[in-house]
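Colleague: I'm new to this one. Can you walk me through it?

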Amino acid sequence: MSSARPRIRRRTALTAVPAALLAASLTACSGGGAAGSSAQAGGDAKAPETSISVNLTGDAAAPGEPVKVTLAHGKLKTVSVTAGEDGKLAGKISADGRTWISERVAAPGTAYTVEAQDADGGSDRAAFTTAEAEKVNKLTLAPGKNTTVGIAQPLSIVFDHPVKNKAVVERGLKVSTSNGTEGSWGWLQDYSGKDRVDWRPEEYWKPGTKVTLKAELNGVDTGADGGWFVRDYLTTFTIGAAQVVKVDLDGHRLALHRDGRQVMDIPMSAGTPGGKKASWRGTAVLMSKEGTINMNSETVGLGDAYDKMVDFSMRLTWSGMYAHAAPWNAPYFGNANRSSGCLGMSDANASALYEQVRVGDPFEITGADAKGTVAEGNGYGAWNVSWTDWQAKSALS
């Protein structure tokens with residue numbers, strides 16, 4: 001983890017605590033009860049008062065470190081560390097009973113209250129507040145929460161700011177599945193230029209798989225120029241039917257397969273070969289169904305070739321490759337590739353395909369009439385990377 005710390009900004013603790021309790025070693029709130037009375041009756045020395053020390057103190061404590069509670073005498077029985085009004089840090093007491101350490105780190109800009117009880121019934125209490133983060137990092141998750149997606153949809157995270165501490169961040173990303181599906185995170189650069197990490201299985205998902213991501217990132221420092229996370233994230237999604245769209249650039253046809261059976265066969269015209277207007281090959285994943293949209297060639301570096309409204313638009317890459325209706329290209333359907341890079345078909349066929357495909361369905365594009373293979377960051381191109389090479393993209397490999 002980076003040793004960089006945020007600039008200190010003062011923040012009032014949510015729980016008022018006497019100043020004496022903010023010291024590294026604290027006086028007991030209550031002594032040993034009956035044990036103390038018995039000692040006085042017998043004339044013996046009074047039992048030691050319960051006293052704890054906490055590694056983080058004051059109203060501008062450094063975030064990003066575990067909370068450590070140490071008991072001066074005796075053995076700890078329980079320790080509670082609450083964060084703000086609702087949060088709580090879990091932790092474990094050491095074998096000798098003297099210390100308790102939180103499983104997660106303290107987050108920036110948060111007021112914490114520590115309450116400890118020893119084995120003799122004595123207790124002590126402390127409080128501290130961490131410094132505010134000078135810079136906050138956020139993320140965008142795909143797919144959307146509680147959605148049903150196709151068998152090729154990766155779990156994808158794009159970060160607002162650079163992530164230098166990739167291994168630390170990746171350890172906080174916990175994926176679970178309903179059927180024990182295993183996979184790997186892979187770090188890459190998104191088409192936007194931002195840092196991104198995707199999680200995919202070795203092969204396409206099994207239909208019906210339920211996937212949950214718990215991103216336990218609150219308090220994680222992403223490194224220089226990245227800032228801190230100040231919250232956790234949770235998302236779930238389900239894998240739908242096994243659908244694959246197979247595109248033959250050289251044969252000028254597109255076929256939808258469901259559960260291994262062909263259910264549609266469509267004549268189409270793909271990108272004009274031999275230059276920038278050619279289509280991509282490889283596996284592209286349906287990113288979104290956008291309906292009727294304006295397509296302008298200037299936005300994808302093709303000059304003033306076109307500027308028109310296009311129906312039944314299905315996005316396949318960030319660079320602008322779609323499958324869509326293209327009635328103006330009707331003479332070429334099934335005969336030649338004469339589009340500006342997209343997979344065009346008749347209104348009727350585009351409408352039928354649009355209704356049946358799902359975001360996350362793979363489009364497996366083959367043929368010589370292509371300008372290259374879909375890159376992993378140009379949409380969801382992770383399936384064009386071998387499983388061994390994909391695993392190597394993990395920061396923990």
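This is a predicted model: local features need pLDDT of at least 70, side-chain atom pairs count only at pLDDT 80 or more; totals for chains, interfaces and linings use all residues.

**Helix H3 and beyond**

Modeller: Start with helix H3, residues 347–356, where Ala 350, Leu 353 and Tyr 354 are buried. Buried means under 20% relative accessible area, exposed over 50%, partly exposed in between (1.4 Å probe, protein chains only). Helices (H or I, at least four residues) and strands (E, at least two) are DSSP runs, numbered from the N terminus.

Colleague: Why do those three count as being on the same side of H3?

Modeller: They cover an arc of only 105° around the axis, so they share one side of H3. That arc is taken from the directions from the helix axis to the C-beta atoms.

Colleague: Which residues are exposed on the other side of H3?

Modeller: Ala 348 and Glu 355.

Colleague: And what covers the buried residues of H3?

Modeller: The cover includes strands S18 (253–258), S19 (261–267), S21 (288–296), S22 (307–315), S23 (322–325) and S24 (343–345). Contact here means heavy atoms within 4.5 Å.

Colleague: New topic. How many aromatic pairs does a search of the whole structure find?

Modeller: Seven. Rings of Phe, Tyr and Trp (its six-membered ring) pair if their centres lie within 6.5 Å; planes under 30 degrees apart count as stacked, over 60 as edge-to-face and the rest as tilted. The rings of Tyr 112 and Phe 128 are stacked, because their centres are 5.1 Å apart and their planes at 15°. Tyr 112 is in strand S7 (residues 111–118) and Phe 128 in strand S8 (residues 123–129), so the pair ties together parts 16 residues apart in sequence.

Colleague: Are Tyr 112 and Phe 128 buried or exposed?

Modeller: Both are buried.

Colleague: Which residues form an aromatic cluster?

Modeller: Phe 159, Trp 187 and Phe 229 form one.

Colleague: Last one. Where does Gln 243 lie?

Modeller: In strand S17 (residues 243–248). Gln 243 is buried, with a relative accessible area of 3%. Its side chain makes a polar contact with the side chain of Arg 258 (2.8 Å). A polar contact is a pair of N or O atoms within 3.5 Å; within protein, one must be able to donate a hydrogen and the other to accept it, and residues adjacent in sequence count only if both atoms are side-chain atoms.

Technical notes
Residues are numbered from 1 along each chain as its sequence is written. Side-chain values use heavy atoms; hydrogens and water are left out.
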